[in-house]
Amino acid sequence: MQTIVVPLDGSELSAQVLPYVRVLAPLLGARVHLLRVVQESHLSGGESWAQVLISVYGVPESEALRRDYYDESMEALRQRAQAYLDAQAKALEDAGIEVVSDVRSGSPADVIVEVAAGCLPGAMIAMATHGYSGLRRWALGSVADKVIHATETPVLLVRGQAQPIVHPPRRILIPLDGSGLARRALPLASEIARAAHAELILLRAVAPMIEAYIGAPMLGRPLAENNEALGALHEYALNDLNAEAASLRAEVPRVLTHAIIGYPAEVIIDEAQAMDVDLIVMATHGYGGLRRWALGSVADKVLHATTTPLILVRADE
């Protein structure tokens with residue numbers, strides 16, 4: 001990991017990702033790329049002021065007038081945005097972190113994806129998103145939603161209004177399902193765990209059979225046989241996790257394994273909270289062309305429901 005791209009829009013919400021970045025950047029030896037995107041819509045009152053010049057003061061309407069006013073206003077926006085980034089950069093530099101700052105114009109999501117792509121390989125996007133309590137829990141902002149569905153870069157998402165991390169992560173959870181795709185999250189998670197001396201928790205959910213769940217016989221067999229089959233699946237999953245953990249312990253000494261009977265998204269969310277996990281790192285499906293990212297149902301549910309900081313790693317089939 002060489003670069004952490006941090007999009008900021010000047011709001012308190014977007015700045016809530018910075019405490020996480022201050023922790024992760026030194027651990028990974030990464031520089032921080034602060035990014036601010038200014039848009040034409042940020043020119044508050046610009047169009048009405050041009051109309052005042054035309055209607056009240058009799059200034060003749062012209063394309064040149066509008067262009068000159070637009071250019072001056074955009075330059076003022078860029079200067080204010082740069083001053084904001086400079087202030088944020090100083091706080092990071094005082095912590096010994098290498099920082100570059102960048103002000104660009106355009107569509108925020110498109111610019112964020114473009115900048116991150118220019119930093120590959122070894123880049124990650126870190127951003128805060130809206131947080132709600134109760135049933136709504138996470139409600140992704142439009143920019144964050146577009147970014148995670150379009151970028152090929154790992155994305156760290158932290159819930160806005162949550163308490164910032166004040167220490168390196170102590171426990172990192174990696175959901176696995178036995179597929180090579182899910183394992184694509186292991187290198188980044190292992191790198192962070194190794195640098196932070198954190199526990200790496202490998203988690204696998206064993207989905208219960210519907211027949212066993214409702215207590216009905218499966219294909220005419222008694223319930224006891226269904227329970228035995230489910231127990232065998234659980235044992236197989238745990239053995240698979242233990243084999244994975246053994247291969248990781250040469251680099252990450254503290255690796256734990258948990259196989260839980262339940263539905264994957266619910267197991268991930270509940271276990272992250274029960275084990276007081278500081279970070280979830282998981283892979284999600286990636287597609288090329290127009291489809292770009294198509295989040296798997298499990299990743300999508302975890303993304304919108306967990307209150308734990310989450311890194312999504314795109315994994316192509």
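## The largest cavity

In this predicted model, the largest cavity is lined by Tyr-20, Val-23, Leu-24, Leu-156, Ile-165, Pro-169, Asp-278, Leu-279 and Pro-309. The space in the largest cavity comes to about 60 Å³, and the count of cavities of 30 Å³ or more is one. Helix α2, which spans residues 18-28, gives the largest share of this lining, namely three residues.

By residue class, the lining of the largest cavity divides into eight nonpolar residues, no polar residue and one charged residue. Asp-278, one of the lining residues, also takes part in a network in which salt bridges with shared partners join Arg-170, Asp-276 and Asp-278.

## The second largest pocket

The second largest pocket holds about 390 Å³ of space. Its lining is made up of 21 residues, of which Asp-177, Ala-182, Pro-264, Met-282 and Val-298 are the closest to the centre of the pocket. Two or more lining residues come from each of the elements β7 (199-206), α10 (264-274), β9 (279-286) and α11 (297-305), and β9 provides the largest share, with four residues.

Within the lining of the second largest pocket, 14 residues are nonpolar, five are polar and two are charged.

## Arg-204 in strand β7

Arg-204 is placed in strand β7, an element that also gives two or more residues to the lining of the second largest pocket. Because its relative accessible area is 12%, Arg-204 counts as buried.

Once neighbours within four places in sequence are left aside, the contacts of Arg-204 are Leu-176, Asp-177, Gly-178, Tyr-236, Ala-237, Asp-240, Leu-241, His-258, Ala-259 and Ile-260. Among these contacts is Asp-177, which is also listed with the residues closest to the centre of the second largest pocket.

## Salt bridges

Over the whole structure, 10 salt bridges are found. Side chains of opposite charge can pair when their charged atoms come close. One of the pairs is formed by the side chains of Lys-90 and Asp-94, with an N to O distance of 3.1 Å; both residues belong to helix α4 (residues 63-94), where they are four residues apart, or about one turn of the helix. Lys-90 is partly exposed at a relative accessible area of 49%, whereas Asp-94 counts as exposed at 56% relative accessibility.

A further salt bridge links Arg-104 with Asp-102, whose closest N and O atoms are 2.7 Å apart. In this pair, Arg-104 is partly exposed, with 32% relative accessibility, while Asp-102 is buried at 16%. The side chains of Glu-244 and Arg-183 also meet in a salt bridge, at 2.8 Å from N to O. Glu-244 lies in helix α9 (residues 223-248) and Arg-183 in the loop between β6 (171-175) and α7 (186-196), so this pair ties together parts that are 61 residues apart in sequence. Glu-244 is buried, with a relative accessible area of 13%, and Arg-183 is partly exposed at 39% relative accessibility.

## Strand β2 and its partners

Strand β2 (residues 31-38) is mostly covered, since seven of its eight residues are buried. Five bridges pair strand β1 (residues 3-7) with β2 in the parallel sense, and Pro-7 has Leu-35 in β2 as its bridge partner.

Strand β2 is also joined to strand β3 (residues 99-105), with which it runs parallel, by seven bridges. Here Val-38 stands opposite Ser-105 in β3. In a regular strand the side chains alternate between the two faces of the sheet.

## Ala-193 in helix α7

Ala-193 is found in helix α7, and because its relative accessibility is 1%, Ala-193 counts as buried. With neighbours within four places in sequence set aside, Ala-193 is in contact with Ile-172, Ala-198, Leu-200 and Val-252. Ala-193 and Pro-253 are 60 residues apart in sequence, and their C-alpha atoms are 9.5 Å apart in space.

Terms used:
Residues are numbered from 1 along each chain as its sequence is written. This is a predicted model: local features need pLDDT of at least 70, side-chain atom pairs count only at pLDDT 80 or more; totals for chains, interfaces and linings use all residues. Side-chain values use heavy atoms; hydrogens and water are left out. On a 1 Å grid over the protein atoms alone, a cavity is a set of points where a 1.4 Å probe fits but cannot get out, and a pocket is an open set with protein on both sides within 12 Å along at least five of seven lines; lining residues have an atom within 4 Å of a point. Grid points are joined across faces, edges and corners, and a volume is the space filled by probe spheres set on the points. Ala, Val, Leu, Ile, Met, Phe, Trp, Tyr, Cys and Pro count as nonpolar, Asp, Glu, Lys and Arg as charged, and the others, Gly among them, as polar. A salt bridge is a side-chain nitrogen of Lys or Arg within 4 Å of a carboxyl oxygen of Asp or Glu. Buried means under 20% relative accessible area, exposed over 50%, partly exposed in between (1.4 Å probe, protein chains only). Contact means heavy atoms within 4.5 Å. Two strands pair if DSSP finds at least two bridges between them.
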